[in-house]
Amino acid sequence: MRITLVAFENIDAGDLVYVTDAAAGRCAKCVPNGTFEQSTAVGMAQNAAAAGNVVTITTDGPSQPGIYSTLVVGEDYYVGVDARLARYDEFKTAMQSGSYPQGFLVHCGIAATESQLALDLEQPFFVVTSAL
């Protein structure tokens, strides 16, 4: 399913976004080392949009092909600390090297092809970085 929202900040195609309470109905980049709300992804941006402009969001199902080009088929992907897709080891390394004491692991889906994700977002799972 696809929806359109107004970008609260500059969004790039492929960013995982959440609906911010800072400005009703606007979306911002997910922050897995932030709050539960900031980690709760509603979908993946299918186009780039400057703050104040409309962005199309895929909430579930296949992502738009071509946004990513190096996904590993069959691998699970999560929200990375940069709001982009990351495999578990990449998420773990970024959390540990960024000195984040805790955060949220958010499963986004499984790579169907090198350029397309089968988007199936899950609720954020609280993690303590030292236990990853």
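Q: Is D15 buried or exposed?
A: D15 is buried, at a relative accessible area of 1%. Keep in mind that this is a predicted model.

Q: Which side chains meet D15 in a salt bridge?
A: K29 forms a salt bridge with D15, at 3.7 Å from N to O. R84 forms another with D15, its closest N and O atoms being 3.2 Å apart.

Q: Where do R84 and D15 lie in the chain?
A: R84 is in the loop between β7 (76–79) and β8 (85–86), and D15 is in the loop between β1 and β2, so their bridge ties together parts 69 residues apart in sequence. R84 counts as partly exposed, with 21% relative accessibility.

Q: And K29, what is its relative accessibility?
A: K29 is at 25%, which counts as partly exposed.

Q: How many salt bridges does the structure hold?
A: There are 3. One of them joins E90 and R87, at 3.6 Å from N to O. E90 is partly exposed at 38%, and R87 is partly exposed at 29%.

Q: Switching to cysteines. How many disulfides are there?
A: The search of the whole structure finds 0. For C27, the nearest cysteine sulfur is that of C30, 9.6 Å away. For C30, the nearest is that of C108, at 7.5 Å.

Q: Which residues gather in the negative patch on the surface?
A: D60, E75, D76, D89, D120 and E122. Among them, D120 is in strand β11, residues 116–120.

Conventions:
Residues are numbered from 1 along each chain as its sequence is written. This is a predicted model: local features need pLDDT of at least 70, side-chain atom pairs count only at pLDDT 80 or more; totals for chains, interfaces and linings use all residues. Side-chain values use heavy atoms; hydrogens and water are left out. Patches are made of residues with over 30% relative accessible area and no salt bridge: like charges are joined within 9 Å, nonpolar side chains (Val, Leu, Ile, Met, Phe, Trp, Tyr) within 5 Å. Accessible areas come from the Shrake-Rupley method with a 1.4 Å probe; for residues, only the protein chains shown count as cover. A salt bridge is a side-chain nitrogen of Lys or Arg within 4 Å of a carboxyl oxygen of Asp or Glu. Lys and Arg count as positive and Asp and Glu as negative; His and the chain ends are not counted. The place of a charge is taken as NZ of Lys, CZ of Arg, CG of Asp or CD of Glu. Helices (H or I, at least four residues) and strands (E, at least two) are DSSP runs, numbered from the N terminus. A disulfide is a pair of cysteine sulfur atoms within 2.5 Å. Buried means under 20% relative accessible area, exposed over 50%, partly exposed in between (1.4 Å probe, protein chains only).
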